[in-house]
Structure formats: structure tokens, C-alpha cells
Amino acid sequence: MDKLIVLTGPTAVGKTELSIKLANKINGEIISADSIQVYKNLDIGSAKITIEEMQNVKHYLVDVLNPTEDFNIYIFKEMAKKAIKEIQAKGKIPIIVGGTGFYIQSVIYDISFSKEDNSIIREELEQIARIKGNEFLHNELKKIDKVSAEKIHPNNVKRIIRAIEYYKLNNRPISQHNEEESIKEAVFNTKYFVLNDKRELLYDRIDRRVDKMIELGLVDEVKSLMDSGLDSTYNSMQGIGYKEIIEYLDGKCTLDEAINNIKKNTRHFAKRQLTWFRREQNVNWIEKYQYDYDDERILSKMIEVIEND
RNA sequence: GGCGCCAUGGCCAAGUGGUAAGGCAAAGGUCUGCAACACCUCUAUCACCAGUUCGAAUCUGGUUGGCGCCU
């Protein structure tokens, strides 16, 4: 089986820097698994890698979409698959780097998503939820897909809508689809690394990184995105750092409040990411403190794991 | 020195005699097309001591700490 390397971890842990060193060592190229860095002009708030930092290591899925475009797991998976083939054709090793566990999962287990247009159905269902309430929608789901209804909490409107729209589009319950997909075997020889650090240190890094973003001009970045016609309804503008600054620019809070919200939301995000990685199978956890924060030692460990079969 | 006010979980904060609301933070979790999303779970005996009472965070006295005003 073809080798596929995954380097992930909570936001701000230091994936980017390490990924370049790894790519250089093993002759790899990088596929970003990041739902915000795909967008052009979202640079500061997404902590996007710069051209200089790339050190000539080729990156895929960075700066490829306009901020007006949608992005989701289906699009991600299509693009990532294509990138993997390209990299392999060159005889190089694909390295997926990014913090979106869901996206990574779709590639390593080859979960299939079909092309579909759900926008109209989705809007209708959102209407219904707003007018008739969560409980009503949940009951609707119960009628068509009892398994999903039991699994999804009545307040989780987004997931309920997806389950119903899947049923309407495909004429069968999404729970059935999920079950089929969940038993799929891995298609790559995947080496999955989760880079991590002590929680307080991570939170400190997050706070400092947010302050840095402000210094670098995050407010101006958001301002110019808004000037070009973007607002909070766009996919791209819902990322942490963007949505909070938009609130500030709309006069809904002070800049200090916005900054604190960014920090808080980023900490919450990091925590959720870790929850995800904990339940992922066959993961190599790399706790930075166990390597004295020495990248060379971390890299030799990773290479040892990668070369072992 | 005198007078007055206050003291509830990490923070904010209800409750003023019947056995501790809520929010935030922290922590844990769910996730198969918006995933940097959405959602779920969860944390106290009420500053301390003594008393009144069947029963006190709630009343009384004292102690400690804080705030304000006065001389």
C-alpha cells in the first residue's frame, strides 16, 4: 500500500514549521487539511504559511479558492485525492498537514460522498426549524430514519437537517450510508501523527498568536475583505478570527472584546480537536515536552515510525 | 477613632426561614457535506464562630476581610 503521512494536532501547536522540516527530510509534498487556508486573501487570520516559510516545498489546497466560494468535505476530498495522485506520480510522499480531523478521516478511510445539490432543501429545512422548532424537525427525522434520530440530539439542528436532506436526495437513510462507509478498510499505509503540547502551554501560544495577528493587521485584512463585498454569511468568513472581527467592525463589540473572543474560541477549538484525535485509531502521539521541544529528535522519531514497514 | 454597606463554586450572579437558579471559564464527550461548524455532559453546601428555630445562605451577636463616608 502507498504511504500517506498525516501530521495533525491542535491549532497553534507548531505543525507548519515541523511539516516543512519533515517534507525536506523525506522528499515529500504537503496537502493542507485546513478549511480556511484554502481561501485566497485570508492570510493573517488563518495563520497561513508564507511563501518563504514553504522553502520550496510544494503545497496543495492552500490559496486555491476565492473567499466567495463554498468549501466542504466533498470538495476537500476530491482535491486531496487529486493532489495525492500528483505527488505519487512524481515519486514523492504525500503529507497531509492540518487540523481538520474530519477531512483527514475522509481521505484515509476513503469515505465516499456524492456530488449533490442540497442548497434548496437545506434552506427549506432551516426555515422549518426556525418556525416550528427543533423538536418538530427531529420528529420528522424520526419518521424517515429512526436510527439517526436516536443518535442525533434534538438540538443539533445542523445534523438533523443533513440527515433529512440526505434522505430526500438519495431516498434512503443516511444511517445506512454511514454504516456502509464506516466498515471500509484503510486504503493507504497511513502514518498518523498528532503533535501535542501541555495544555497551558498550548493556550499561552494561542493567546500570543492572536495578539500577533492583531499586530500584523488582522483588522485591516478583514476590513478589506468586507469592502470587497464579503460578510458573515460566507463560508470563508465563519472562521475564527474573521467572524469576531466582523462583529467588531459592525459595532457589536469593542476591539478588546473581539480579541478576547478570538482567543476563547481558539482555545475551545483546540480542545475539540484533541477530543477528535483521541478517538482516532492508530495514532502516534508526539508530546513535544517528551522530546525537550527539539524538532530534530521529534523528526527522527517520526522517520523511525514512517520507515518501519 | 466614629458611622454605614458588603462577604454565595475560578469569575459574574439569583435566592432574604424550608433544605443552593442562571451565565462565563475550566474539564470531558458526540461528530461520515456548513466541521475554525453544530451539539451534549458536568463542578458549591453559601467568610468564620456562637446562638434563635422542628428547620438558616437567609434572623441575632461576635470575629475576620473588603468598600464608602465622617472627624
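Predicted model: local features only at pLDDT ≥ 70, side-chain atom pairs only at ≥ 80, totals over all residues.
I started with the largest nonpolar core, which has 58 residues; Val6, Leu7, Ile31, Ile95, Ile96 and Phe193 touch the most other members.

Leaving out residues up to four places away in sequence, Phe193 touches Val6, Leu7, Asn284, Ile286 and Met302. I then found another core lying apart from the largest one; this other core has twelve residues, including Ala149, Ile160, Ala163 and Ile174. General reminder: nonpolar side chains tend to be buried together in soluble globular proteins.

Next up, helix 5. It runs over residues 119-132, and at 1.5 Å a residue its 14 residues should span 20 Å; I got 20 Å between the end C-alpha atoms, so the two agree.

Last, the RNA. I find 48 residues around RNA strand B, with Ser35, Phe102, Ile111, Asn155 and Ser182 coming nearest. Which helices supply at least two residues each of the surface near RNA strand B? Helix 3 (73-89), helix 8 (157-170), helix 9 (174-182) and helix 13 (255-279) do. Helix 13 gives the largest share, eleven residues. Sorting that surface near RNA strand B by class, I get 19 polar, 15 charged and 14 nonpolar residues.

How values were computed
Residues numbered from 1 in each chain as written. Chains lettered and ligands numbered in written order. Core = buried A, V, L, I, M, F, W, Y, C linked by C-beta atoms within 7 Å. Buried ≥ 20, exposed ≤ 12 C-beta atoms within 10 Å, placed from the backbone. Contact = placed C-beta atoms within 7 Å. Helix = DSSP H or I, 4+ residues; strand = E, 2+ residues; numbered from the N terminus. Expected span 1.5 Å × (residues − 1). Near = placed C-beta within 6 Å. Nonpolar A, V, L, I, M, F, W, Y, C, P; charged D, E, K, R; others polar.
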